[in-house]
Protein chains: 2
Amino acid sequence: MSFKTIDWQDDKVVMIDQRLLPEKEIYREYSSYLEVAEAIKEMVVRGAPAIGVAAAMGIALGAREIESDDMDSFSKQFSEICSVIGATRPTAVNLFWAIERMKRLFEEYRTETVEALKGILKQEAISICHEDIAINREIGKNGGVLLKDGSTVLTHCNAGALATAGYGTALGVIRSAIDYGKNIKVLADETRPFLQGARLTAWELMKDGIDVTVITDNMSGHLMKKGDVDAVVVGADRIASNGDVANKIGTYMVAVLAARHGIPFYVAAPLSTIDLAISTGDDIPIEERTPTEVTHIKDRQITPEGVNIKNPAFDVTPAELITAIITEEGVVSRDYIRGLKGLFEKR
Amino acid sequence: MSFKTIDWQDDKVVMIDQRLLPEKEIYREYSSYLEVAEAIKEMVVRGAPAIGVAAAMGIALGAREIESDDMDSFSKQFSEICSVIGATRPTAVNLFWAIERMKRLFEEYRTETVEALKGILKQEAISICHEDIAINREIGKNGGVLLKDGSTVLTHCNAGALATAGYGTALGVIRSAIDYGKNIKVLADETRPFLQGARLTAWELMKDGIDVTVITDNMSGHLMKKGDVDAVVVGADRIASNGDVANKIGTYMVAVLAARHGIPFYVAAPLSTIDLAISTGDDIPIEERTPTEVTHIKDRQITPEGVNIKNPAFDVTPAELITAIITEEGVVSRDYIRGLKGLFEKR
């Protein structure tokens, strides 16, 4: 991979600014947790697994900023940091998963000195980053076999290296199929309003020399009808215990069309995206983002001044439309309630 | 209506430049048929009925440009003009309908002098323009009763005053329902890549004080699932004799989602959009437009340099997904083969 989505360097969090791609490849350094929280909110970094890594690193950074040596005071400030990080984006469960993991670690090691604990939290954040890449490789391994040689695979949004610590979930599956020697072409939905497909998926696949064609979000149905799509692979922001999947707005429409045309619809995600505490997709909070994402493209306003806008950032695809969920622990299909629970018991 | 989409003024064709809306309201004057052909191709004017009017006016303009007084020479040049106008855009059948109408008129009056014929062709083009508005009022009357008071109506692309000589087809149905005293809110798909919804539908509905909310094309499924859409009304670029409808790319996906959620899906179009010579939608030619419409928004490039692009401008919605087709001669549903044919026999 010729770029790094997120990294810990010299006690700073370094992230590629995804708002500026593909025009500019700029890496930003963050030395405070408040800056990291802002970066998550403003989508400098996005993608559920990458948000998880950023959250962990933000917390580790925040812990280092605490000046008190007293564990009670440290603990209080640590809680506050976790709250701030937790208030950035509501849908991707990896954010909360990472916060919980950091909190558990804190409890486990609170008998250590404050200084030691800061070091432990930093190591954990770095571990989460490395683990994420390893997990994506496993997801790729499990999913790569599902794609047929000579396939054209549609993906929505960016569930690639840029949405994770590296390699990607959905794009990891595609990369892996290509590693297996299969000839795979990718159709990338541009993914309005933030254009993750047109900007990010296209950029990272072109960097890897993978054949990618960008289409607008309203074209996939037409291409499926023409027989030009062999499979769909997307990522996920949160998976309910029944297999309902929250993912980038528009995923649901792709899934409905894929079902109509008998095209397999795969979701690729790590276990940290599965929220067994939630029974169905109806209970997943859907983030509503600022209207300016819709009214403006970069600095150019496209709509009439003052028009009403809706901007839900995610939707929920019901499990019945999903051919299989591909995770690092294996592939689940049909009986998601039992299958998803089973993945956690395997470990 | 506080603007005119297309008009014949002082032997010039005047059109609002739809590429610049809503930012700038600029009217362009055309005094040659070649300029009108270019304007159709470049989408200064768009929308099937408006293209029909522009074609007729372009031909009338072209006839006036012919310098010969000899009918044979005039006839030859007239044919050439019709060919040039006919080669602008392939999908909207109203273009060919208008050309055929002008050609028939030419044959009917070729015993007149060249000068008289020029005047007759001009009058016909102006008539087509006025008829179109009258037809849209009839479509509105027939369709307005179908929308329920308190409905939120989704529309895709722009089938409004800007897509016609005035009033609109799909938006005419909405305007008419509002005239009937019904409370109607409109959801406008932004309609990438040309953004007819975000730019044109939003602009003309706001001018009329109609409640309009812009969403990106990938949001409609989510809103339907939430119960936020009561009906869909769209226009058409060509309707096959079996009721299959070619319309702006993305219409098919909206129709599939509407069917899934039991939401009525209406198509509003004049008889000039119905092509009885074509048996199914599979035979409708689908225009592929320039990649730059997808790669650039206004002057800003959004995709990586050199990425592959597909840009089909239309798709076909099969008749089975259409609740009813609303025309100036009445509403057809279910048995489209008999029903559409019957509309022409009524006249």
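**One residue and its setting**

A: Arg64(B) is found in helix H2 of chain B, which covers residues 48–65, and what follows describes a predicted model, not an experimental one. If residues up to four places away in sequence are left aside, Arg64(B) touches Trp8(B), Asp11(B), Lys118(B) and Lys122(B). A further view of this setting comes from Gly119(B), which is 55 residues from Arg64(B) in sequence, while the two C-alpha atoms are 8.4 Å apart in space.

Chain A can be laid on chain B with an RMSD of 0.0 Å, by a turn of 180 degrees and a shift of 0.0 Å along the axis. The two copies are thus related as by a two-fold rotation axis. The same surface serves both copies, since 100% of the contact residues of chain A recur in chain B.

As for the contact itself, 60 residues of chain A and 60 residues of chain B take part in it. Between them, chain A and chain B bury about 4900 Å², and 65% of this lies on carbon and sulfur atoms. Of the area that chain A buries against chain B, 15% is supplied by Asn218(A), Met253(A) and Arg300(A), which is more than any other three residues supply. A charge placed over a ring also links the two chains: Lys225(A) lies over the face of Tyr252(B), at 5.3 Å from the ring centre. Within chain B there is an arrangement of this kind as well, where the charged end of Lys248(B) sits over the ring of Phe314(B), 4.3 Å from its centre.

Strands of a sheet pair through backbone hydrogen bonds, either parallel or antiparallel. Here an open sheet of eight strands, with mixed pairing, runs in the order S17(A)-S16(A)-S10(A)-S7(A)-S4(A)-S5(A)-S6(A)-S14(B). Strand S17 (330–332) of chain A and strand S14 (308–309) of chain B stand at its edges, and because each has a single partner strand, one side of each is left without a neighbour in the sheet. Within that link, Val214(A) has Ile309(B) in S14(B) as its bridge partner.

Turning to the aromatic rings, a search of the whole structure finds six aromatic pairs over all chains. One of them is formed by Phe3(A) and Trp203(A), a tilted pair with 4.8 Å from centre to centre and 50 degrees between the planes. This pair links distant parts of the chain, as Phe3(A) is in the segment before strand S1 (6–9) of chain A and Trp203(A) is in helix H7 (residues 196–207) of chain A, 200 residues apart. Phe3(A) counts as buried because its relative accessibility is 6%, and Trp203(A) counts as buried because its relative accessibility is 8%. Another pair is formed by Phe78(A) and Phe106(A), whose ring centres are 4.5 Å apart and whose planes stand at 15 degrees, so that the pair is stacked. Here too distant parts of the chain are linked, with Phe78(A) in helix H3 (residues 71–86) of chain A and Phe106(A) in helix H4 (residues 93–108) of chain A, 28 residues apart. Both Phe78(A) and Phe106(A) are buried, and together with Phe74(A) they form one aromatic cluster.

Some details of the backbone complete the picture. Most residues other than glycine have a negative phi, and most peptide bonds are trans. In chain A, however, the peptide bond from Leu21(A) to Pro22(A) is cis, with omega near 0 degrees, and Pro22(A) lies in the loop between strand S2 (12–16) and strand S3 (27–30). In chain B the peptide bond from Leu21(B) to Pro22(B) is likewise cis. Asp10(A), which is not a glycine, has a positive phi near 50 degrees; Asp10(A) is in the loop between S1 and S2 of chain A and, with a relative accessible area of 73%, is exposed. Thr191(B) also has a positive phi, of about 70 degrees, and lies in the loop between strand S5 (184–189) and helix H7 (196–207) of chain B, but at 0% relative accessibility Thr191(B) counts as buried.

Notes. Residues numbered from 1 in each chain as written. Chains lettered and ligands numbered in written order. Predicted model: local features only at pLDDT ≥ 70, side-chain atom pairs only at ≥ 80, totals over all residues. Heavy atoms only, no water. Least-squares fit on C-alpha atoms with pLDDT ≥ 70 in both. Contact = heavy atoms within 4.5 Å. Phe/Tyr/Trp six-rings, centres within 6.5 Å; stacked < 30°, edge-to-face > 60°. Helix = DSSP H or I, 4+ residues; strand = E, 2+ residues; numbered from the N terminus. Buried < 20%, exposed > 50% of the residue type's maximum accessible area, 1.4 Å probe, protein only. Lys NZ or Arg CZ within 6 Å of the ring centre and 35° of its normal. Pairing = 2+ DSSP bridges. Buried area = accessible area lost by both parts, 1.4 Å probe.
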